[in-house]
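Please take a look at the protein below and follow how its parts pack together. A short tour comes after it.

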Amino acid sequence: MSDDAKAAKELVETLKDGERGFADAAEKLRDGKHPEWATTLQRFSDQRAGFWREIVDMGHDYGDDVDESGTVAAAVHRGWIAVKDALTGDDPEAVLKAALTGEDHAVSEYEDALKKDLSAGFREVVVRQQAAVVAARDEVKALQQAS
């Protein structure tokens, strides 16, 4: 498996986790005292969906199947797992904290991907997406600090 395919597979798993995590967090906050937070988190969920689809499409163009589910062991290490616990309570700050944990993990996955020997075209996509993920993490952090 090429470095592109390895990195793509990990990023797709992370992005799918983020898509689900942000959507669940947005749903939890939608009817609370901060519905604007829900709107922001839903926007990030939609962004993540677009990102993983872009990577999958690029992989298909190169003949790689990067849209496979990972192992159970890999799932345990993903950052968005913490969101499930936060979403069982009524604390919006806990939801933001869990989202921030997930985003820290996503940033780390992008950093790991960029350490690999990626093709120029894929590296360009990863760099662009990483900048957006860092900006999202910073926005979630700002929401958390404002709460």
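In this predicted model, helices α1 and α5 pack at an angle of about 165 degrees, with their axes 10 Å apart. Angles over 145 degrees count as roughly antiparallel, so α1 and α5 are roughly antiparallel to each other. Their crossing is left-handed.

Two further helix pairs can be read in the same way. For α5 and α6, the packing angle is about 160 degrees and the axes are 9 Å apart. These two helices are therefore roughly antiparallel to each other, and they cross in a left-handed way. What about α1 and α6? Their axes come within 13 Å and cross at roughly 30 degrees. Angles under 35 degrees count as roughly parallel, so α1 and α6 are roughly parallel to each other. Here, too, α1 passes α6 in a left-handed crossing.

| Helix pair | Angle | Axis distance | Direction |
|---|---|---|---|
| α1 and α5 | about 165 degrees | 10 Å | roughly antiparallel |
| α5 and α6 | about 160 degrees | 9 Å | roughly antiparallel |
| α1 and α6 | roughly 30 degrees | within 13 Å | roughly parallel |

Now step back to the whole chain. How many helices and how many strands does it have? There are six helices and zero strands, and from the N terminus on the elements run α-α-α-α-α-α. Of the 147 residues in the chain, 44% are buried.

The largest core has 21 residues. Leu-11, Ile-55, Tyr-110, Phe-122 and Val-126 are the ones with the most contacts inside it. Which elements give two or more residues to this core? They are α1 (3–29), α2 (35–61), α5 (92–114) and α6 (120–146). The largest share, six residues, comes from α2. Apart from this core lies another one, of 15 residues, which includes Leu-29, Trp-37, Leu-41 and Leu-100.

Next, look at the aromatic rings. A search of the whole structure finds one aromatic pair, formed by Phe-22 and Phe-44. Their ring centres are 5.4 Å apart, the angle between the planes is 50 degrees, and the pair counts as tilted. Phe-22 sits in helix α1 and Phe-44 in helix α2, 22 residues apart, so the pair links distant parts of the chain.

At 13% relative accessibility, Trp-52 counts as buried. Which residue lies over the face of Trp-52? Lys-16 does, at 4.5 Å from the ring centre.

Definitions and conventions
Residues are numbered from 1 along each chain as its sequence is written. This is a predicted model: local features need pLDDT of at least 70, side-chain atom pairs count only at pLDDT 80 or more; totals for chains, interfaces and linings use all residues. Side-chain values use heavy atoms; hydrogens and water are left out. A nonpolar core is a set of buried Ala, Val, Leu, Ile, Met, Phe, Trp, Tyr and Cys residues joined through side-chain atoms within 4.5 Å. Buried means under 20% relative accessible area, exposed over 50%, partly exposed in between (1.4 Å probe, protein chains only). Helices (H or I, at least four residues) and strands (E, at least two) are DSSP runs, numbered from the N terminus. Rings of Phe, Tyr and Trp (its six-membered ring) pair if their centres lie within 6.5 Å; planes under 30 degrees apart count as stacked, over 60 as edge-to-face and the rest as tilted. A charge sits over a ring if NZ of Lys or CZ of Arg is within 6 Å of the ring centre and within 35 degrees of the ring normal. Axes are lines fitted to C-alpha atoms, for helices over the stretch in contact, and angles run from 0 to 180 degrees between N-to-C directions. Angles under 35 degrees count as roughly parallel, over 145 as roughly antiparallel, 65 to 115 as roughly perpendicular and the rest as oblique. A crossing is left-handed if the near helix is turned anticlockwise from the far one by less than a right angle, and right-handed if clockwise.
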